[in-house]
Amino acid sequence: MIITLSWLKDHLSSKVNLSKIINKLTDIGLEVEGIKDSQGELSDFKIAKVLKASKHPNADKLKLCDVSLGEGKIIKVICGASNAREGLISVYAPPGSVIPKTKMKLKIAKIRGIESHGMLCSESELGISNESEGIIEIKSGEKDIGKNFFKSKSEKSIDISITPNRPDCLGVRGIARDLASAGLGKLSSLKKTKIKQSFSQPLKISITKEKNQGCLSFGTCYIKNIKNTESPEWLKKKIISLGLKPISAVVDITNYVMFDLNRPLHAYDADKIDEEIIIRNSKPGETFEALDGKNYKLKNNMCVISDKSGPLGLGGIIGGTRSGTEFETKNILLESAYFHPTSVRKTGSILAIDTDAKYRFERGIDPNSVKEGLEFATSLILKICGGEASKFSFTGKSQIKSKVIELDNNKFKKIIGISITSNETKKILNSLGFKTKNSKNYLKIEIPTWRPDILEDIDIIEELIRIKGFDKISLVHPERTRSKDTLSFKQKLFHLSQRAVANKGYLEAVTWSFTDSSIDKFFSQGEKEIKIANPISTDLDVLRRSIFSNLIIYLKKNQDRGYLDLSLFEIGPIFFGNKPGEQQIILGGLKSGALNRKSWDSKARNIDVFDVKADTIKTLSELGIMEEDMHVVNNAQDYYNPGKSGSVTLKSKNGLKLASFGEIHPAIISNLDLKEKNVYGFEIFLKNIPTPQKKNRLAKKNYSVSEFQKSERDFAFVIDINYKAGEIEKIIAEVDQNLIKKVLIFDVFEGGSMPEGKKSIAVNVTIQSMDKTLSEKDISEVSKKITNTVKEKTGATLRS
Amino acid sequence: MAHLDELIQKVSNAKDKLSLQNLKSELLGKNSQINQEFKKLGSLPEEDRKAKASDLNNQKQRINEAIENKFKELEKFEINQKLQKEKVDVTLPARERPNGKIHPVSQVIDEISSIFSEVGFSVAEGPDVETEYNNFTALNTPENHPARDMHDTFYLDENKKILLRTHTSPVQIRTMLSGKPPFKIIVPGRTYRCDSDQTHAPMFHQLEGLHIDKEINMGHLKGCLDYFIKEFFEVKKIQMRFRPSHFPFTEPSAEVDIGYRMENGRIIVGEGNKWLEILGCGMVHPNVLKNAKVDIKKYQGYAFGMGIDRLAMLKYGINDLRSFFEADYRWLNYFGFDPLDVPTNYRGLSR
């Protein structure tokens with residue numbers, strides 16, 4: 001909502017200045033978004049005097065000028081004009097100003113080695129004439145030094161952001177009322193001029209009785225024999241200050257009344273109306289051409305103002321071209337009506353029309369302002385365009401009764417924390433147009449009909465503190481106590497895993513929850529695609545089903561920037577359905593390229609599956625999973641390379657899947673055309689991480705270490721090439737859990753001397769007893785047991 | 001027997017450990033002169049024997065000492081010689097250690113959680129996909145309410161019943177419906193609006209706060225936010241202004257501005273002649289409490305909501321919101337936080 005100070009003063013008798021008004025507006029909830037100078041940047045140009053003009057040391061035609069802006073302000077300016085001389089009064093443009101002729105923004109610049117702070121202007125540069133010879137000379141301008149060169153032609157306008165609950169402030173009078181209530185002047189009473197009304201309104205008006213009828217009341221005045229002209233200057237000025245274009249007196253007057261009193265009106269060319277006005281619901285398929293030049297096809301139940309031939313306009317939204325007024329219009333029908341907010345809003349959003357009238361009706365117009373609007377507009381039209389006015393005609397409900405709310409005397413203190421006296425309460429409410437009446441323990445309050453937002457006592461309390469001032473609320477310091485844990489186990493897990501993975505060299509990314517369906521499909525496991533009905537762009541059209549969908553896009557973007565050795569991760573939701581809650585938190589990491597790609601002492605090597613496996617296992621163990629509870633199986637999702645990927649399951653092969661890791665399927669990499677094709681990833685499924693019975697710290701067994709000698713033995717098994725090394729480790733560990741402390745595979749090889757289909761696995765086993773030093777005999781017994789068990793369970797033989 | 005000083009001289013002339021070893025057996029071994037002398041002791045008269053023995057022992061000890069000292073000297077020399085040969089250029093680059101980072105949004109969420117934890121808030125969460133009811137209607141924003149215009153909403157169905165939450169406020173409803181008052185929660189999370197330009201991203205992060213109890217009034221709200229803002233910006237003095245505003249789910253509603261000034265193109269939060277809006281808040285509207293089955297005769301309280309990304313930008317001098325979500329390796333490295341930099345109350349929020 002844009003207002004000017006002078007317009008405001010039509011309704012507010014006040015002596016306070018603009019800056020006071022601006023601050024107060026913000027204080028009472030009418031946020032000032034900006035102050036616009038209608039003359040734009042022209043206020044930058046100042047009248048200035050040249051105190052001294054000397055030759056530029058490095059240029060013959062340039063002069064160094066000391067320019068005074070008054071009050072001792074002296075600026076160094078370089079000037080090329082021949083008339084620049086001591087004592088001359090001219091026009092100065094500071095750095096940052098825009099020269100009207102060239103549209104160039106001035107900067108502090110060095111000219112031939114010396115800085116110039118702005119410039120002195122010619123008439124041509126300021127766009128006031130074609131005179132470009134020399135700078136402007138102002139005769140007898142001594143007293144104006146430092147003042148604006150351009151005299152203000154129009155005043156500053158204030159741009160106020162009106163919240164949706166305050167339709168009353170979409171008119172200047174509403175804003176004036178609020179300011180008056182806040183102590184910034186007195187609300188002027190509306191002037192009433194007597195209108196001569198000589199005849200009855202001749203057109204038949206009817207509101208059809210039907211379900212969803214959007215019109216509550218419809219007031220009209222027929223004005224004949226007018227002469228529609230251009231608006232007088234004062235009216236044009238007001239229309240321009242709103243940022244609108246003056247059209248004709250009739251149109252400008254209806255607009256003026258809308259912005260002045262928040263009372264939308266419409267004027268029809270009465271001669272173009274076919275017999276009568278019928279306010280009814282539209283029929284599907286009806287069309288009409290609106291004043292915005294567009295043709296609209298109407299649906300069911302839209303409130304139309306029609307005549308015998310069809311729709312003339314959409315009630316409360318927009319008029320039609322068929323009955324539009326022109327300069328030639330002789331007779332008009334002036335409409336002032338009330339339309340239901342929801343009806344207006346529905347129609348507006350279905351047809352995608354936004355007008356000033358619609359904006360107001362959908363927020364709620366004062367239903368009792370129908371007559372007031374007709375009076376004000378009719379008297380203006382008679383004054384400016386002449387003509388004769390009919391008596392007003394009203395169809396529908398004429399007066400709406402005010403709501404009454406009871407306010408408990410103690411409630412203000414209970415909600416706000418400070419007290420308010422009964423007198424202050426009444427004073428604030430009365431100044432806002434509320435009527436108050438004391439009762440025993442409460443105040444009976446009658447709500448003005450222009451305040452559709454006031455529905456219950458809490459709304460009254462807001463009015464009171466808003467006007468009294470939010471700065472009056474006294475602050476209560478919070479108590480530093482805690483009765484509940486801040487984070488649940490799952491939330492702690494989130495933060496822990498995030499930092500655990502970052503600590504392994506991954507950079508945390510945060511990417512959209514939506515992604516490109518053409519990439520997301522690579523990472524789906526057959527879950528249904530979750531489309532967004534109104535995506536922001538076609539490459540962000542679905543909710544992601546995998547944490548990799550976006551991460552790989554950004555991996556590629558980074559590779560395209562020339563970074564090939566990357567480690568990125570994200571922790572966030574992925575979705576498996578479109579109902580609330582059909583989502584889970586995943587931590588996913590991607591790693592590409594090589595290690596030590598350029599190193600003076602280490603050999604470069606491509607990262608491989610064991611890098612991501614190490615990151616996965618280490619992270620899981622940091623999340624509290626015991627290593628003996630992790631089972632690694634070769635069954636990761638399809639988007640991994642089947643030969644170079646695995647999953648970690650809990651407690652058994654068929655346990656809950658804790659994580660997956662492996663090479664991203666080369667077919668996907670090639671499809672996405674990644675520069676660096678060596679890409680590995682891992683995912684941790686946080687929902688499957690079990691909540692420990694006890695805290696990890698407390699769940700540990702009692703500390704006990706052996707005081708006796710430990711022994712190590714190496715075994716080399718020849719085994720089927722497809723046998724999983726991890727199995728052997730587990731088999732050996734279980735041979736004697738008391739004596740076998742550690743099992744470590746330290747060598748694997750195939751080919752060479754190995755028979756076809758076999759491989760060799762070398763294992764180092766640490767054997768130690770808790771109660772004695774083991775004899776050679778004891779150790780060889782354990783060794784034999786190991787060999788036999790492995791042979792039995794896997795068919796392996798000892799390598800000789 | 002050669003003079004003792006001569007022998008000691010001999011020791012100190014030894015060239016290396018081997019010759020010193022040989023010298024040791026020569027001087028103190030079985031066939032050494034001194035050993036011979038010891039053997040002769042028995043044949044000496046009783047009265048001379050004691051003095052001679054003491055003299056011999058003395059000599060032996062001095063030779064031994066000389067050898068030991070020489071040995072240490074030679075060893076030191078040898079080590080030094082060896083080290084001379086092994087010298088490396090320590091200015092060569094150190095081996096690379098992986099260097100991960102925490103995203104500023106995550107860091108700021110941890111900071112905020114730490115601050116609110118101190119005054120008894122717990123962290124609650126809710127789904128990103130919401131019903132139209134929880135996101136709007138239950139929050140006192142009925143269908144066809146113009147306040148819905150302020151939220152450009154992503155929908156998952158044509159009937160506009162399922163959507164991506166436009167704010168974290170629906171978690172208020174979920175939390176209150178699933179428990180009993182009092183409630184004291186913060187809700188950090190992803191939120192979505194169908195809006196994308198230089199200063200808007202289609203996804204951003206919000207933090208919701210809710211405190212419902214028997215006697216929680218607007219003074220408590222003011223105190224809580226005053227505490228939070230000072231802690232978060234790690235500034236002792238900060239100007240704060242409550243400005244009336246409107247949100248359908250709170251009444252009275254306020255927006256909160258903080259004072260700032262510009263210094264070398266950077267925003268310095270604290271004091272100054274300019275105001276910066278950082279959050280919205282108010283007393284929870286009775287209709288919201290009713291929808292969440294809370295007895296409004298007994299309970300009341302406040303709620304607030306703020307943009308986490310914006311707070312991160314302000315605190316850490318990040319200019320571009322969209323860069324948060326572009327995963328640019330250089331940006332993440334520059335603005336990201338060391339994973340060991342965990343915000344806590346006792347150590348302070350930032351290092």
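Biologist: What is the handedness of the crossing of H5(B) and H8(B)?

Modeller: First the idea: a crossing is left-handed if the near helix is turned anticlockwise from the far one by less than a right angle, and right-handed if clockwise. Here the crossing of H5(B) and H8(B) is right-handed. The contact is made by B:Glu111, B:Ile112 and B:Ile115 of H5(B) with B:Phe228, B:Glu231 and B:Phe232 of H8(B). Two residues are in contact if their C-beta atoms, placed from the backbone, lie within 7 Å.

Biologist: What model and numbering are these?

Modeller: This is a predicted model: local features need pLDDT of at least 70, side-chain atom pairs count only at pLDDT 80 or more, and totals for chains, interfaces and linings use all residues. Residues are numbered from 1 along each chain as its sequence is written, while chains are lettered from A and ligands numbered from 1 in the order in which they are written.

Biologist: At what angle do H5 and H8 of chain B pack?

Modeller: Axes are lines fitted to C-alpha atoms, for helices over the stretch in contact, and angles run from 0 to 180 degrees between N-to-C directions. Helix H5 (residues 104-118) and helix H8 (residues 218-233) of chain B pack at about 135 degrees, with axes 10 Å apart. That makes H5(B) oblique to H8(B). Under 35 degrees counts as roughly parallel, over 145 as roughly antiparallel, 65 to 115 as roughly perpendicular, and the rest as oblique.

Biologist: Which strands form the open sheet of chain A?

Modeller: Helices (H or I, at least four residues) and strands (E, at least two) are DSSP runs, numbered from the N terminus. Two strands pair if DSSP finds at least two bridges between them. The open sheet has five strands in the order S6-S5-S4-S7-S10 (chain A), with antiparallel pairing. Its edge strands are S6 (74-79) and S10 (119-120) of chain A; each pairs on one side only. Inside the order, S4 (residues 46-55) and S7 (residues 89-93) of chain A pair in the antiparallel sense over four bridges. A:Lys46 stands opposite A:Tyr92 in S7(A).

Biologist: How many residues of chain B are in contact with chain A?

Modeller: 68 residues of chain B are in contact with 75 residues of chain A. On the chain B side, H8(B) gives the largest share, eight residues. That side divides into 34 nonpolar, 21 polar and 13 charged residues. Ala, Val, Leu, Ile, Met, Phe, Trp, Tyr, Cys and Pro count as nonpolar, Asp, Glu, Lys and Arg as charged, and the others, Gly among them, as polar.
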